[in-house]
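Look it over, then read on.

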4 protein chains.
Amino acid sequence: MWFASDNAGPAHPRVMEALARANAGYAAGYGADEAMGRVTARLRGIFEAPEAAVFLVGTGTAANALALACLCPPWASVFCHPFAHVQEDECGAVGFFTGGAPLTLVAGEHGRMEPEALEAAAGRLGGSVHQPQRGAVTLTNATEAGAVYSPDQVRALARVAKAHEMPVHMDGARFANALAALGCTPAELTWRAGVDALSFGGTKNGLLGVEAVILFDPAKAWEFELRRKRAGHLFSKHRFLSAQMEAYLEDGLWLDMARTANAWAARLAAGLGRAPGVRLEHPVEANEVFAAWPRAGHRRVQAAGARYYLWSFEAPQAQTLEGGPEAEVSARLVCNWATTEAEVDGFAALLAEEAAVQSA
Amino acid sequence: MWFASDNAGPAHPRVMEALARANAGYAAGYGADEAMGRVTARLRGIFEAPEAAVFLVGTGTAANALALACLCPPWASVFCHPFAHVQEDECGAVGFFTGGAPLTLVAGEHGRMEPEALEAAAGRLGGSVHQPQRGAVTLTNATEAGAVYSPDQVRALARVAKAHEMPVHMDGARFANALAALGCTPAELTWRAGVDALSFGGTKNGLLGVEAVILFDPAKAWEFELRRKRAGHLFSKHRFLSAQMEAYLEDGLWLDMARTANAWAARLAAGLGRAPGVRLEHPVEANEVFAAWPRAGHRRVQAAGARYYLWSFEAPQAQTLEGGPEAEVSARLVCNWATTEAEVDGFAALLAEEAAVQSA
Amino acid sequence: MWFASDNAGPAHPRVMEALARANAGYAAGYGADEAMGRVTARLRGIFEAPEAAVFLVGTGTAANALALACLCPPWASVFCHPFAHVQEDECGAVGFFTGGAPLTLVAGEHGRMEPEALEAAAGRLGGSVHQPQRGAVTLTNATEAGAVYSPDQVRALARVAKAHEMPVHMDGARFANALAALGCTPAELTWRAGVDALSFGGTKNGLLGVEAVILFDPAKAWEFELRRKRAGHLFSKHRFLSAQMEAYLEDGLWLDMARTANAWAARLAAGLGRAPGVRLEHPVEANEVFAAWPRAGHRRVQAAGARYYLWSFEAPQAQTLEGGPEAEVSARLVCNWATTEAEVDGFAALLAEEAAVQSA
Amino acid sequence: MWFASDNAGPAHPRVMEALARANAGYAAGYGADEAMGRVTARLRGIFEAPEAAVFLVGTGTAANALALACLCPPWASVFCHPFAHVQEDECGAVGFFTGGAPLTLVAGEHGRMEPEALEAAAGRLGGSVHQPQRGAVTLTNATEAGAVYSPDQVRALARVAKAHEMPVHMDGARFANALAALGCTPAELTWRAGVDALSFGGTKNGLLGVEAVILFDPAKAWEFELRRKRAGHLFSKHRFLSAQMEAYLEDGLWLDMARTANAWAARLAAGLGRAPGVRLEHPVEANEVFAAWPRAGHRRVQAAGARYYLWSFEAPQAQTLEGGPEAEVSARLVCNWATTEAEVDGFAALLAEEAAVQSA
C-alpha cells in the first residue's frame, strides 16, 4: 500500500525495454542523438505545434526553473498559487535560475488560482521602478491538490496574464493525469488556451527521470539551450533520456498510465467515501486523494504497512507520521500506473473496519 | 506644503558645511579616510558596541540588501512584514544581493510583525531540503506605517528568530525617529534586544545620501566589505560620505532632526484630528501620518499646492493623485526637520475649512 | 571506429541489469533509497574516508559546479587550467552556481597546472577589496589533454592552495582512468594529497549518467544538499542513480572498465606511432590520444567511417571536420570500455596505409 | 605631492557651490528632479545624440556593471583588456551584475586591446552550447595605462565586435581626459565609432561621486532603470547627483579640468624625462604617468611626503611602498585638476637631485 508519491513507483516495463535497446552501440551526445529527433517530431505532432522547441531534462524542478528563467527577467515576479511546486517544493529554484525573481502568491481553491486574484495581484505590481515588474504566470495542472484546470479555466488565467503582457507557463508534472481527466486535446489544454511553455512530466507517470520542456514559441530555444547547459542539465548520454520519452509517447503509453492512475484514485476516493469518518478535502480529479480520517484509522493502516504523507496545506509541518494530539489526520494518497486493486480496496477496507471497531 | 517624503527635503546646513570642509586637499579613498575612523568610533560609542563593524553606503536599499546578504544564504528566506521596504520598494534587491533568497511575509498591525505570526511562518520552513530554509528576520523601525517597535517588541521577535537560529536585521531608515519617539538608548533598541545588524538611516533625516550599516558582531565585516565593493557601493571619494555622517552624529544633530520631524507629525496629526471627516489610519508615533479625508478636501489642499502620496497598503495602486470614484482618499504625509509650522497648520486648516464648506 | 568521446559509448551490461533490478516495486525518493546507503558506505570504504559525504547527480557539470559553489564564495576566484572542463565546456556553470565567481587560468603542460604558476596567480589576488579573493583550486585528473597528475603532483598544487587558504577540488570525470594509470589508492590520489572534494565520474566510464560528489570533510554536506535541490539536481526516483553507481563499484567494475579503456588508448597510440607522419601531441596516460596526421590520412579514415573530433587547444575552432588548408590535422581519439581491437588496429592501419600511398 | 589617484583630490569649487544651491527647498526624488532633465538634455546635446538615455550613479563600478549587465546575458562573456578596471579593480562586479558572465581577456599594448587579438578571442567562443557565448566588448578610454584610443582605434575594435554581433561599452572613467587629449568630438569618440554605451566619468575628474551612463540606443533604458533600482543605485535625493553633473557640464568645466590634469601629467613626464635613471613605462597621453626610477629616488621623494602607488601590471602585488630588493621601482603618478606646479616640478627635481647624489 504505497501511496506516498507517484515518484516512489516503478518505471513501466516498456520504458525499461526501450532503455535497454537504446544502449546498443554509439550515439552522438548532448541532444544530438537520433532518438531525440523522433521525440521532437512526436511531441510536435501530439501538440499540433510544428514549430515548438522541445528539450529533455532529468527533473521537474529543472524543467520549471529553466522554462521560467526564459520567461521572466530577474527584476520581475512569477505569479503562482501558494501550493505550487515552485513555491513549496523546489527550495527557491526559480529565484536561483532567474537571478532573483520573487514569487507572488495568488489564491484560489484546490490549488487553482482565481483569475480575479491574479488580476488583483498583477495590478499591484509593475510600472513603478520601486517594485518587481510583472514577469510570468505559472499554473500547475493537475494542481498540487489533485484538481485540474479545464481549458476554459486556463484561458481565463491566460487572458489576465496577457492583458499584463505576461507569458504563461504550465507546470505539467501531472499533465497526462490532467489530460486524461479532461478528455480534451493537448493543444486545447495548452497553447490554444494561451500557454507559452509547458513542463511535460514523465517521471511521476512511469519514467525513470525525464521531463520535456516545450516552448510553443521557439524564439527562446537557443536561450533555453544555453541556460540548460550552464545549469548542468544537458546530458552527455542524452539518448537515455530520449529513449524513455520515446517509449512514453509510443502507442499512447503516457495517457494509458495516467488513465490507470486516475482510475485508481477515483476508486480509492469512492472506497474512502464509504468509510465512516473519512472526509475528502479536495475534489479527486486526477491521481491524488486528499482526505482526513480518525487517528485510530491512521494507526491501523500504518500498522498494516501503508505508506503516505500526512499533509495539510494550511500548516504543512504541523503533523507527523508519528501522530499528534489531533483527533484526525489529513493525508495525501497518490496512485500511479502500478497501483493495484488490492492496495486500493484494502486500504479503504481497513479504514472502514477501524471505524466499525471504534463505533462499536 | 511638501509632505511627499522625508527624502524630498533638504539636507541640514551643518551637513552642507561639513561637506564643504571635507573638500580641502587630498584624502585616502575607499573608506580609508581619517573621518571614517572618527565615524566608526563615534557610532561604536553611541551604540555602546566597541567591537561593531561600521560601513557607509549611499542608499537604504544598498544598506538593507548588503546586510541581509551577509545574514541569509541563497537557499534560505528572509522574513519581513508585507509593508516592508525590502518587499514593497526595493525592486527585489534582496533576491539580487543574496543570490535568490525569497521573502516570506509575516503579518501584524501597523507594519509591526507579530511574534506569533513569525513563529508560524518560521515553523513552516526549514529542515526539509524541499523548501527554502530559515534565513534571517528583518524588521523596520520606525515601521512603514509610522509606528515604532519598542525594545520589548523587538526582543519578542528576536527571541522567536533566535529560537530558529536566525539573525535579526533592523531596517532603520527612520531609526532616529523611532529612537526619538521611544526615548531609550540606541543599544537598548538594537543589540541588547537581539538585533545583529542595523541599517542606520541618514538620508531621510537630513543627509544628502548616506546610510551606515552596523554589524554588532564583526565576524562578517570582511565579507561585507567584499560584497559592498563588488556591488559598486564602495565610494572612492569616501570622505564625502564620512563627512555627512560625522556632522550627523555631532552634538546629537541626528536626534534633534528626528525629534523635530516627529513633533511636526504629532502636531499635524493633532490638527487633522480637529478637522471633521478626517480619520487617522495608523498611530502617529514617528514622523509619518497616515490618514483618510474626503475627496473635496483632497482637491482643496492639492489646489493649494500640497504634495503627498495617496497611499493604501491594502491596494497600493488603486488610488491616483488625480483622484477616483471613492468619496475619500487615503494619504501619507511625511514630516522632516525642515517642515514648518505654516505648512503643518496650514494643511490642517485647509482640510477643516473644506469640511466646513461641505457641511454648510 | 567511434573515437568521438567516451560519452558516446554504451553503458556496461552489468549496469543495465542493475537498473532493471532496481525497478522492482517502490522506493523512497530524493536520495532516501536504501541503495544510496550502500553506495555511500561503499565509496567511504573505497576512499578510506568514513566521514565523507556522498551525493549523486546526473552530469559532470552539475558535480563540478555544485562542489565548487560549496568551496568558493561569490567574491572569490576559482583557479583552473585553461583546458579545464569548467573553463572550456560548461558554458559558465561555475559563474552561475557560485553567484558570479570568476575563473583564473593557471598554465602548465598537457593540462596540468604548474605549482609555480598557481603560486604566481594566487599571489596576484586577495587581500585587497578591489579584486576577487582567492577562492578554490580545481584540477582535472585525468587532464583534458589525456595526462594524469600523480599523487605528488596533486600534493604540490594542494600545498600552494592551502598556503593561500584555498580548498582543492578534483574534477574526476576520468578519475578511474587516472587511478588505473597510476596504480595508487583512491585515498592517495585525493584527500591524502590534499583534495577536499571530488567529482567522481561514472558517465564517461560505462554508466548512463551518474557522477558522485564526495566531500571528504562533511561540514558542507547540508549546504550541498540544498544547493543540489534548488539547482534541480536532486532526483525524485533517485534509486536509478544509486543502482548505476552500486553496479559500478561492485567487484571493481569501475576500475576494470577504466583499465580497458586505457589499454586501448595505449595500443592505439602505439599503432599510430608506427604510422609515418603521425605525431602524438600529448603523452597518452589515460584513455585519450591527441595526435596530428596528414590531411590525406584524415580523409581516408573519415571515408572509412571513423568518428572523432579535430581538436587543438591552441585554436579550438580553427579546424573543422570538413577540413581546411592545413597540411595536417590535429585530433582527439577517445577509447572506452567497449572499444574493440578491430577499431583500434584498423584505425592505425588505415593511417599507415595512406601514408604509404602518399609516399609512393 | 599627492599623485596616488585622481580620486584622492578635491571636488571643484563650482561643483561644491552647485551642491549648496541644489539644497534649497524640496525636490522630487529618484531621478525625477528637474535638474536631471537639464542634465539629460545637456548630455544629449554634447554627444549629438537626441535619443540617448542618461542615468546617474554614484560609482564607476556601478556604471560599468549596470551597463554591461544590460548588454551581456549571463551565458555570454565580456571581452576586455587584462588591465581593465572591470577585471582588476571591481571585485568581480560584472559577474555579480550579469548573473555570472565571465570576462575574456584580450591583450594589447598600454591597456589597448588589439583588434586581431579580439578577433582571435571572439573566434574561440560562440556557436557551441558548451562555451559562454560572445556577449559584449568593453574598452577603457583613457586606458588604465594612461594611453588613449583614437576614434579610429575604437572603430577598429567595434568593427570586430559588431561582426560578432557584440555591442560595445566604453569605460570612460577618464573619458574627459581621453577627449581632451584627442581633440575630437564626444560623438566621434563614441557612437560614431561604434560605442553603444558609455560610462561617462565625473568622480575622478572633479566631482564628489557621480558617473553618468549613456545608452546611445535607448531600447534598454527601462531595463537599466530596474537594474539600477534593485542594485541600490537609484538615489532618493537624486538632485545632489544631478547638481554635480550639471555643474560639471556647464561652460565646459569637465573638459577644462581634464585638460589641466593632462597638462600636469605631460609636464611631470617631461620633468621625469630629464631626471637621470627615470624611464617612462607607458606613453603619457592623458593624466597618468607610469615610470620606473631608482630605489634611492623612491626613498627620497617618499621622505619628502610624496604619495603614489608602486605599480606594475606584470606583477601587481610584488612591490610595496616599503620597498623590496629591486634596484628600481615602478610607479603610477596621477594628476588631477588641483595638481600644482610646485608638486609637479618639485617631484621631478627631487628625483633628479637624488640621481645626482647617487652618481657623485
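Q: What makes β8(C) and strand β9 of chain C a pair?
A: Two strands pair if DSSP finds at least two bridges between them. β8(C) and β9(C), residues 288-294, have 2 bridges and run in the antiparallel sense. So they meet the rule. Strands here are DSSP runs (E, at least two residues), and helices are runs of H or I of at least four residues, numbered from the N terminus. Opposite C:Arg279 stands C:Ala292 in β9(C).

Q: Why are β8 and β10 of chain C called edge strands?
A: The open sheet has 4 strands in the order β8-β9-β11-β10 (chain C), with antiparallel pairing. β8 (279-280) and β10 (309-310) of chain C each pair on one side only.

Q: What does helix α13 of chain C touch in the sheet?
A: Helix α13 (residues 295-303) of chain C touches β9, β10 and β11 (328-334) of chain C. Contact means heavy atoms within 4.5 Å. The direction of α13 makes about 115° with that of β9(C). Axes are lines fitted to C-alpha atoms, for helices over the stretch in contact, and angles run from 0 to 180 degrees between N-to-C directions.

This is a predicted model: local features need pLDDT of at least 70, side-chain atom pairs count only at pLDDT 80 or more, and totals for chains, interfaces and linings use all residues. Residues are numbered from 1 along each chain as its sequence is written, chains are lettered from A and ligands numbered from 1 in the order written, and side-chain values use heavy atoms, without hydrogens and water.

Q: How much area is buried between chain A and chain C?
A: About 4000 Å², with 58% from carbon and sulfur atoms. Buried area is the accessible area (1.4 Å probe) that two parts lose on being put together, summed over both. Each chain's share of the contact is 47 residues from chain A and 47 residues from chain C.

Q: What makes A:Lys162 and A:Asp196 a salt bridge?
A: The rule asks for a side-chain nitrogen of Lys or Arg within 4 Å of a carboxyl oxygen of Asp or Glu. Their N to O distance is 3.3 Å, so the pair qualifies.
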